[in-house]
Structure formats: structure tokens, C-alpha cells
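User: Please take a close look at one strand of this model and at the elements that surround it. I would like a connected account that also places the strand within the protein as a whole.

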Amino acid sequence: MIETILITIKIATYGKCKAYNLAVILSFDIIQVNMQKFKNLSKETRIKLIILAVLIILIGPGLYNKLKVVNYTLESDKIISPVRIALVTDLHSCKYGENECELIDAIDAQNPDLILLGGDIFDDKMSDDNTIAFLEGIYNRYPIYYVTGNHEFWGGVDQYYSQMDILDRYGIHRLQGDLVHLDINGNDITLVGVDDYDGYLVDSDLILENQFVDAYLSLDADSYNIILSHRPEYFDTYEAQDYDLALCGHAHGGQWRIPGILNGLYAPNQGLFPQYAGGMYEEDGTTMIVSRGLARESTLIPRLYNRPELVIIDLT
Ligand SMILES: [Fe+2]
């Protein structure tokens, strides 16, 4: 009986990942070889071992964390010819191959018109080296705009200005409540970028609420208005200010997901079962896309069924 269950589970859990398949096959073979010993264990121990095996089977594939590309397509009367945007958030200076080639190649393969860096591109504890390699690989080939995340402020004043110097060195446009008019493929696009809420930690002038108001007063309703802002929990503000599109990160996809059941367990500043963990949200003409971000080794708790993502948005 138990042999039949084990073989059934082994077949059912066979997937695309060769290493995982090998681990499953080996563990079940070990169990089968030791079946007599298993049968001699107490019922309580057998149940515990079976629960442990089932947990390993369920959690194992969820730890797969290779970069993936997530595409969204949005239609608008304000867009007369297609525009492709790459949204990169929450890199936290994590490593994506030699000189960040995995991330850079993924962006190049999508050939975007514009790259938006949505905060926490740097980290407050990780070395800046991987972020520098990433910027080195993209800086002279795309228009690139950046806003801060909370982690660019958490390292203190000196680290913050050092990281901003790096961005300036690569000619990255930093937006701090600024509004820029972009002509992309004949489209009139307005891009607003605001600092993370924690900006006041390094500069008393970096007040998010003030930046929201200043940018809003300069918006043109005929333009396709995009706001780049690290935090998704301010969706009500983006919607109230009639932005066509808000692009955010910060939530890391809620770190743990159960596909089809739970879209994120916990996100900073949203708590348990976050409303805006990752994905696309719409309200009264405003669309918000929340990237699940790219943080991997920077976080103590691993991502579960929550692969790091490069977000590509096609405006049509
Ligand atoms: Fe963040």
C-alpha cells in the first residue's frame, strides 16, 4: 500500500526541473530501500516522516527562483503607436549572472523603449557592486529613469549620496517629484517620479506628500500620465490624481505565494495578506502594476512560488 502511494507521488511530482526530479527520485528510492525499517517505526514517527516528505515535495519546486519576464499589455486612446517599458524594481544589488548578464540579456531581448528603475535598486547592507555592473551594462543604450526605494535611505546619509553619485555617473535620470515630458514613438507621455516615503530620513526636504502635490498640479490630462513610485500602498493617491498608470515595487510579491490561492503572504507596510503584493490592479481609469521585484539573496527568508521578475509593459 505505502509503496503504491510513494510511486504515485513520485510520478505526480515529476516536473521540468531535472535537479528536483533527481532529488525526488533519490529520496523515494531511499525510502523504498528502507521500507522494512520504515514499517518498524512507530505510527507517530511514520506520520511525521510522511508529513515531512509531503512538505519537501510541496516546498521544493516553490524555491525555484530563476528570473522570469512578466508581460502586461495596456490599451489607451492616448497611445497612437506602441511603446514598450521595462520596469526593474527591488534589485537590492543581487547577483544575476556574471556582470548581471542574465538581467541585462533579458532586458535586451525585450528591446524596450524605456527602462524605469522603481526603487531599492541598491541595498543598505549589500555591496553596490552588482548594481554597478547592471548600470554599466545598460546605461548608454536606453533612456533610464529612477526613483528611490526605502533601502536607499536606510543606509544613512553618506551611503545615500554615494549611491546617488553612482547613478549620476551613469547618466541615469533621477526623479524626485519631477515631471518629464517624453516623446516616445510619437506619443505624448508624461512621467512623474517620486521619492520613497522614507526620504525624510536623509533630507528633511524629501517629503513624499509634497512631491505628490507638486507633480499633480503640473499634469496635463491629454498626455498619457505615468507615475513611478516605489510604494504600491498609495494606490488611492495615484487613482485620485488620475494617473493613467502607476508603476511600483516594494512588496516583493508578498515573499510567499500559493499559485491560484494566495497572492502573497506578507509585504512591508501592508502586513499579512497584502492587497497589492504583485500584479495588475485597476480602479476608475488608473492601472497600477506592481512588480514582484528581483530581490533574492538579500532577503533572509527565501521566496516561495514567487520567482523574481522583470516586468515588461506594452502600451498600445
Ligand atoms: Fe522597498
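Analyst: The account below begins with the strand and then turns to other parts of the protein. The model is predicted, so local features are given only where pLDDT is at least 70 and side-chain atom pairs only at pLDDT 80 or more, while totals for chains, interfaces and linings use all residues. Residue numbers start from 1 along each chain as its sequence is written.

Helices (H or I, at least four residues) and strands (E, at least two) are DSSP runs, numbered from the N terminus. A residue is buried if 20 or more other C-beta atoms lie within 10 Å of its own, exposed if 12 or fewer, and partly exposed in between, with C-beta atoms placed from the backbone.

Two pairings involve β2, where pairing requires that DSSP finds at least two bridges between the strands. With strand β14 (residues 309-315), β2 pairs in the antiparallel sense over five bridges; here R84 has D314 as its bridge partner. With strand β3 (residues 114-118), the pairing of β2 is parallel and runs over four bridges, and L87 stands opposite L116 of β3.

Elsewhere, six strands form an open sheet of mixed pairing, in the order β6-β7-β8-β9-β13-β12.

Among the helices, α5 (residues 101-110) and α6 (residues 129-138) have axes that come within 9 Å and cross at roughly 30 degrees. Axes are lines fitted to C-alpha atoms, for helices over the stretch in contact, and angles run from 0 to 180 degrees between N-to-C directions. L103, I104 and I107 of α5 meet F134, G137 and I138 of α6; two residues are in contact if their C-beta atoms, placed from the backbone, lie within 7 Å.

In the protein as a whole, there are 10 helices and 14 strands, and 37% of the 316 residues are buried. Of the contacts between residues at least 6 apart in sequence, 73% join residues at least 24 apart. The C-alpha atoms fill a box of roughly 75 × 45 × 35 Å along the principal axes.
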